Amino acid sequence: MEAVQQKKRVLAIDIARGMSVILMMMIHTMLIYGTIETQTKTVLGEIILWLGRGTTMFLVSMGISFVLSRRQTFTAVCKRALYILAVGYGMNLLKFLVPEFIFGGLPEAFVSAYGLKSGTLETGIFFLLLGDILQLAGLTLFIMGLINHYSKSKYVPLIVALAIIAVSKELSGFRVGIVGLDYICDLLFSNQFNVYFPVFPWSAFILIGMFLGRWYKELNENQELFFKKMLFVGLAFIAVGGILNFSNPEYHFGDYYHLGPGGSILLLGTNLVLYWLINIVVHLFKENNGVFNLLIFCSKHVTSLYVIQWVLINWGMYVLGFWEHDQWFVLSLFPVVIATSISIQLVYNQIKIQLKSKWSNKDSNELIVNS
């Protein structure tokens, strides 16, 4: 997901993924600090709600970038999957358990929103195991590794993605009734908010990205032709998804986090058309400009920025409260959260560089002494 090396960078993909990172910071700020009325009955709340639908570009981008990555062996992909899962649960630890220990408990309003009580073992386990986008990414990488190992056809990830979309709603909420295994079932099929992005259906977005990445390579990395074909696929998905949603909107798009087939297909189509539009915008401006550089930076550091902004926002509840502010206050927080998250990322990058330099010098000195 992060710092992917590509043979030929697709700028529009970088820009789209960078935009999704900025959008996620704004959405999470609204979800934590805005009152329910602010989120549902204000102009800003409505805008953020619909912008949130575009953050799935992050998932499609992941699939495309996977294909363009040099790390294609099954072992390398599995190691990456385990790393992403470790980061996901480490983020939960930093978001919830560390501040609970420091401040003597999570904010009561926040815990109550999940129907839990602060300071209990049950609550601690619940938040440690909370399923988010990183758990989805890690588990989907295993699927992608298997597909990549056994087939190079671009249609295999497409078929698997469509199959996942087709059965997701029917499998939603499936459990076997065994402690431990039920948690695995939740990561795959949850219809509750202990897992926000279950593998069924959200992995389909990443697998569609894998299909697109393979298609892009098949087109000899012809970006103009690639985005035109992406537009047509997107419009076809919108047409099919629109018809399905019209037939039964509650079933197909009643719950954004646990979509039905029509909702998934419509959302996928919309995002593919957005990619086409972003590619047009990219070609209207010079590549080397401040906005593009910022978005490329966010795209390059997507995983660490995701962790940083969530930890920052969650820790901020102890100062600003949970679900307490109007749209104007939330609006004023957007640049603060974005700027602070990026600043922390820059500091983190410098620390990594210094540590790497320190260890390199140490190894060089040891080599000189031993020689």
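Reply: Begin with spaces: on a 1 Å grid over the protein atoms alone, a cavity is a set of points where a 1.4 Å probe fits but cannot get out, a pocket is an open set with protein on both sides within 12 Å along at least five of seven lines, and lining residues have an atom within 4 Å of a point. This is a predicted model, where local features need pLDDT of at least 70 and side-chain atom pairs count only at pLDDT 80 or more, while totals for chains, interfaces and linings use all residues. Residues are numbered from 1 along each chain as its sequence is written, and side-chain values use heavy atoms, with hydrogens and water left out.

Me: How many cavities of 30 Å³ or more does the structure hold?

Reply: There are two cavities of that size. A volume is the space filled by probe spheres set on the points, with grid points joined across faces, edges and corners. The second largest cavity contains about 40 Å³ of space.

Me: Which residues line the second largest cavity?

Reply: Its lining consists of S168, K169, S172, F189, S190, P198, F200, P201, H258 and L259. Helices (H or I, at least four residues) and strands (E, at least two) are DSSP runs, numbered from the N terminus. At least two lining residues come from α9 (155–171), and at least two from α11 (199–218). For the classes, Ala, Val, Leu, Ile, Met, Phe, Trp, Tyr, Cys and Pro count as nonpolar, Asp, Glu, Lys and Arg as charged, and the others, Gly among them, as polar. This cavity lining has five nonpolar, four polar and one charged residues.

Me: Two of those names, F200 and P201, are neighbours in the lining list. What kind of peptide bond joins F200 and P201?

Reply: The bond is cis, with omega at about 20 degrees. P201 belongs to helix α11. Further along, N220 is in the loop between α11 and α12 (223–247). N220 has a positive phi of about 55 degrees, although it is not a glycine.

Me: Now the open spaces. What volume does the largest pocket have?

Reply: The largest pocket holds about 1,100 Å³. It is lined by 37 residues, of which I27, L31, Q39, Y196 and Y257 are the closest to its centre. Helix α1 gives the largest share of the lining, six residues. Among the other helices that supply at least two residues are α2 (36–41), α3 (43–51), α5 (74–103) and α16 (302–320). By class, 24 lining residues are nonpolar, eight polar and five charged.

Me: And which residues are closest to the centre of the second largest pocket?

Reply: That pocket has a volume of about 490 Å³. T303, S304, V307, I308 and Y348 are the closest to its centre, out of 20 lining residues. α5, α16 and α17 (327–370) each contribute at least two residues. The lining comprises 11 nonpolar, four polar and five charged residues.

Me: How should I read a helix pair, and at what angle do α5 and α7 cross?

Reply: Axes are lines fitted to C-alpha atoms, for helices over the stretch in contact, and angles run from 0 to 180 degrees between N-to-C directions. The axes of α5 and α7 (residues 121–128) come within 8 Å and cross at roughly 135 degrees. The pair is therefore oblique, given that angles under 35 degrees count as roughly parallel, over 145 as roughly antiparallel, 65 to 115 as roughly perpendicular and the rest as oblique. In contact (heavy atoms within 4.5 Å), Y89, N92, L93, F96 and L97 of α5 meet G124, F127 and L128 of α7. Six of these contact residues are nonpolar, two polar and none charged.
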